[in-house]
Amino acid sequence: MIFVGQHHSTEAKDPNFPRPFMINARRSSSVFSSDQSLVSLLKSCKALSEISQIHGCMVKTGLDRDRFSLSKLLASSIAHTQYAASIFDSTRSPNLFMFNTIIRGHSIGDDPQRALTIFNDLRTQGISLDQFSSITTLKACTRVQALAFGRGVHGIVLRSGQRSFVEVKNSLLHFYGVCGRISDARQLFDEFPRENDSVSWNTLMGGCLTASKPSLAIELFRQMIWSGLRGSATTMLNVLNAGGDVGNLIGVETIHGHCIKTGFSLKLNVATALIDTYAKVGNIHAGRKIFNEMDQKDAAMWNCLIQRYARCGLVEESVELLNLMKLKKVVPNSSTFAGFLSACDASTASSIGKYIRKYVDEEEVCADAVIGTALVDMYAKCGLLEKAAGIFNRMRDKDVKSWTAIISALGNHGQAGESLRLFCQMEKEGHKPNEVTFLAVLSACSHGGLVMEAMNCFHKMVCEYGFSPKIEHYGCIVDVLGRAGMLEEAYDLIKNLPVKVDATAWRALLGACRVYGNVELGEDVKRALTETYRQHPADAILLSSTYAAAGRLPKIATTEEPKGQEETVKEAGRSNIEVRLLGEI
């Protein structure tokens, strides 16, 4: 237990750590006269300071030695993982409920990996596990995508007889789906089909969407309907998402009809998903009709249609909806403007940005990190880097997306050194970069030809932050090596990568061969592109330019299209200019 004068190490380091004993000691015995009084009092606690006061009185009255009371204290403090961990670590011989509680706390907290360690400690105690032990541990495995550990938990579930609990089965389905193991999830789903409930179906459909298999999700929806299950709003959201990814208008209309028949179309979240899906398949007018027919509309529905209009190039309709939103007294939020700005292309972004800033000032909308990041990104699109930097510098609360936006903007405009400086500043201020941040830094190094800096950044991403490189990260490394003239190194990297790179990386290397006139390697790269990917006119043009840079005549066989293949035509370039958008802007 934590006694007076024996503070946990966390408490000693943190001056803001809450101190107990604010409750009058004379009343403590009456307050804690029964376990029920303690439970009801703990349930009424909202802040950590209140929980710590009760903890102090428990120590004074000796209730901290009662297992039931201590378990309830631990459960009440679970939202404050650090404090809960201090209670758990000071408990002698914790019971199963305490283990499950602290595992759950870590699984939803900032350190889900810690939950896996505690689960292993639980197994060494010889305590029989229950279904809650497996569910909370699987949640932690899902968050960190610990595939091997999760499979081990699956084996424990089978040996302990917990397979009969549908909640455990659904947790396993969710785990396999997030980890992209759809075949394992489907095998588990099909083992005892009568046990599957609507949550099981929804979870597997969600896993199919995560694994980019929308057609399989739609097929699961058909099977679910045939089995006699009605489904839920989550079912409709999943199948609409899948329908939008497939891009079949008739299929979306069929799903819409089912939503009308079952009454789900009257729910705001389903109606919003219908609007979004119709826009995805190219019929935004059907989405507007649904919008007009809804008696009640929330901000999410307005935001969806505004953003979709902008993405379709119908900027005037987006601005019209914003003005209508103002007339209807609907309060916009940061997502309203962020989605709108991100959807606008560079040709209209400048005017839209001025309009949004004026709107935000007039309506006194809170200009938080979301709006600020969207404005930084928008001004960067327009090439107005000074304005983007000015917005960023004036932002009070910057998050990782804000830093990533300005780092990417500087890198795209050739200021690789400034991008690296800001990246270092971001780390110094305590912001943890994500995979997109590292991609922006690597891209900046690529544009600036900073080979060593790119390698150091790549090493830091893998070794210090534990991110697994994706195709885009490898593509940046290939590009930076190619720009620096290290063509053989770039070629060897592509050939020996653990993942299959896309055509972009190969074409980047082919472009580097053109710059340095390396015909032999250029032919090898062109051959690899022809054998693996669709024919593209740029490939032959790049190889022809490589011959020209080397002062040699191109071979007919390598620059002409092979007989029997479809003739490729280079698309004509197009440019857009902004004349005038709207009189109001």
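**Exercise 1.** Decide whether Leu266 is buried or exposed, and state where Leu266 lies.

*Solution.* Step 1: the cut-offs are under 20% relative accessible area for buried, over 50% for exposed, and partly exposed in between, with a 1.4 Å probe and protein chains only. Step 2: Leu266 has a relative accessible area of 68%, so Leu266 is exposed. Step 3: Leu266 sits in the loop between helix H16 (249-262) and helix H17 (268-280). Helices here are DSSP runs (H or I, at least four residues), and strands are runs of E of at least two, numbered from the N terminus. Step 4: from C-alpha to C-alpha, Leu266 and Asp295 are 9.3 Å apart in space, and they are 29 residues apart in sequence.

The model is predicted: local features need pLDDT of at least 70, side-chain atom pairs count only at pLDDT 80 or more, and totals for chains, interfaces and linings use all residues. Residues are numbered from 1 along each chain as its sequence is written, and side-chain values use heavy atoms, with hydrogens and water left out.

**Exercise 2.** Classify Gln131 as buried or exposed, and list its contacts beyond its neighbours within four places in sequence.

*Solution.* Step 1: Gln131 belongs to helix H9 (residues 131-144). Step 2: its relative accessibility is 19%, so Gln131 counts as buried. Step 3: with neighbours within four places in sequence left aside, Gln131 is in contact with Gln162, Phe165 and Val168. Contact means heavy atoms within 4.5 Å.

**Exercise 3.** Find which residues of helix H12 are buried, and what covers them.

*Solution.* Step 1: in H12 (residues 182-191) the buried residues are Ile182, Asp184, Ala185, Leu188 and Phe189. Step 2: seen down the axis of H12, these residues fall within an arc of 160 degrees, so they line one face of the helix. The arc is that of the directions from the helix axis to the C-beta atoms. Step 3: the face turned away from the buried side carries the exposed residues Ser183 and Gln187. Step 4: the cover over the buried residues of H12 includes helix H10 (147-160), helix H11 (166-178), helix H13 (198-210) and helix H14 (214-226).

**Exercise 4.** Describe how the axes of helix H25 and helix H27 are placed.

*Solution.* Step 1: the axes of H25 (residues 400-412) and H27 (residues 435-448) come within 8 Å and cross at roughly 15 degrees. Axes are lines fitted to C-alpha atoms, for helices over the stretch in contact, and angles run from 0 to 180 degrees between N-to-C directions. Step 2: H25 and H27 are therefore roughly parallel to each other, where angles under 35 degrees count as roughly parallel, over 145 as roughly antiparallel, 65 to 115 as roughly perpendicular and the rest as oblique.
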